[in-house]
Amino acid sequence: MFFGLASVWALGSPVLSNSDEPAHSVKAAALMEGEFVPPKVPLPDDGPGALLRGGFTTGVHVPKAYTWQTSKIPLCYIYDAKQSAACAPQFHADDRPSMWTTLIGRYPPTYYASVGWVTLLDTGSVGFYSMRLLTAALCAALLAGALAAATTTRRARFMAVGVLLACTPMVFVLAGSINPNAVEAAAGVCAWATLAAALVHDGRQLPRALLFGIGASCALLAVTRPLSTLWLLVIALTVLAALGRWQLLMTRLREPGVRVVVAAVGVAAAAGAVWTVFSDNLDNNSGYEPRGLDLFHVIKHSLAITPAYLRQMVAAFGWQRVEGPWPLAWAWGLVIAVIVVAALRWGGRRLAVSAVGLLVLVVLTPTILQAPTAGDIGFVWSGRYGLAIAAGVPILAALAIGSSGRLSARGMRRLAAGLVGVFAVAQVVAHAASMRRYVVGVRGPLAYFTGPGWRPPVPTLLLLALVIAFASGLSVLVYRVATEGDPVADRVLDDDAPDGRSGDALVAS
């Protein structure tokens, strides 16, 4: 069902229409030509107001199909939300060797190697959509692993609701595109869920499947994008601080399987950090105006546009030029507020407070990271960059509720039903809004599937039916996972014990 939702987005958006897809598709094709660390090419200074000014891009060898087409095809509609994508020419195959440029030529090669091999078989639209579907499959495996982690112990079952709420429509928009940000977001969700499940697991040894999930998600996260290693560090430290089970951690580290996973993730994290430093892939950033602000006004401006960043984390279409309908962002914000408040009311104190602290960090992260450089290069942040760490807010909050035993089984069922219901409706609304934008434009009829306009590879009405089926089915599945077991018997956190004993001691007694 995760793959189904991601595939609907992969097939329901025009070629090259998603965020940074032109640059990432060129990088994927270039990697197959042996371009691991392509040479720098200076960017001209096009004057005030130019998006790309100074810095560098990279020159790469690619099939000719991935040259002028990648920058020209979407131009007739991508900057005008009222314009249907029907005006765009077709993406044609062309195997002839050629030269082109891409801003992200020095990004880590991990993701591009997993999807770029398709360009060796087809350089046309079939190969392009195939790369999207491969991204969808990889993200679906990670998200399914996160959901499966909630089933490894009864204490973590309600965490399944948090996993679902971490999957905003934007997660599926990315999962249906050619963009390593998709894998970063999905790996972040999986890392939060598997690490948290491991530290509340009550077995003598951690299941091999859970260990594999931890190793795969954390290692993949560390080598996907330039900032991914930082996100992994934030996730690991937050989970440890939120659960506070240091004695259990020391015990787990004596397990051979845990040691292997820790070593593998450590190597991957070191490799990701080394690649970022020595490939110099952060120095090509050039952001949006205004530039030249002092530190105080940089902070002020960044905080002022933070609500836009938060809305982009819910849904944004077409190079993020069109945000999802405003009720969608408000509804998602409401469900996050509900689960966090419920965690404060009925959850374990340490986990609930950690969820709140992480929420504050998510809001402030764009300002913290942009403040040192925005005066020189402008504002470079996009909401989707923070999806990997933002996923921890609903996951920690849901774990706090499910593991404390303070909310009755009936209350948990009602809470789960309301939250997963909002998820299903939001996914359908986001898909319909995106399809309307591409098929007939944002001023076109609401019944976008009845008239002329852009046509995806699969009929629009069928795509709508599929997104309804997959979103509803996934919501039902998560509800069933989250509401099984006896929450009262699963109290786990030391700070939840009324007499100072650990949760394990309470269950034993």
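Reader: By class, how many nonpolar, polar and charged residues does the lining of the largest cavity have?
Author: This is a predicted model, where local features need pLDDT of at least 70, side-chain atom pairs count only at pLDDT 80 or more, and totals for chains, interfaces and linings use all residues. Residues are numbered from 1 along each chain as its sequence is written, and side-chain values use heavy atoms, without hydrogens and water. Ala, Val, Leu, Ile, Met, Phe, Trp, Tyr, Cys and Pro count as nonpolar, Asp, Glu, Lys and Arg as charged, and the others, Gly among them, as polar. The lining has eight nonpolar, four polar and no charged residues.

Reader: Which elements give two or more residues to the lining of the largest cavity?
Author: A cavity is a set of points on a 1 Å grid over the protein atoms alone where a 1.4 Å probe fits but cannot get out; lining residues have an atom within 4 Å of a point. Here the lining includes T306, Y309, V362 and T365. Helices (H or I, at least four residues) and strands (E, at least two) are DSSP runs, numbered from the N terminus. The elements are α14 (306-314) and α16 (349-370).

Reader: Which element gives the largest share of the lining of the second largest cavity?
Author: Among the lining residues are M170, V173, L174, A316 and F317. Two elements give two or more residues, α7 (169-175) and β4 (316-317). The largest share is three residues, and it comes from α7.

Reader: How many residues apart are R157 and E484?
Author: The two form a salt bridge (a side-chain nitrogen of Lys or Arg within 4 Å of a carboxyl oxygen of Asp or Glu), with the closest N and O atoms 3.5 Å apart. R157 sits in the loop between α5 (125-149) and α6 (159-166), and E484 in the loop between α21 (460-482) and α22 (503-508). The pair links distant parts of the chain, 327 residues apart.

Reader: Is R157 buried or exposed?
Author: Buried means under 20% relative accessible area, exposed over 50%, partly exposed in between (1.4 Å probe, protein chains only). E484 has 42% and counts as partly exposed. R157 has 15%, so R157 counts as buried.

How values were computed:
1 Å grid on protein atoms, 1.4 Å probe; cavity = no way out; pocket = protein on both sides within 12 Å on 5 of 7 lines; lining within 4 Å.
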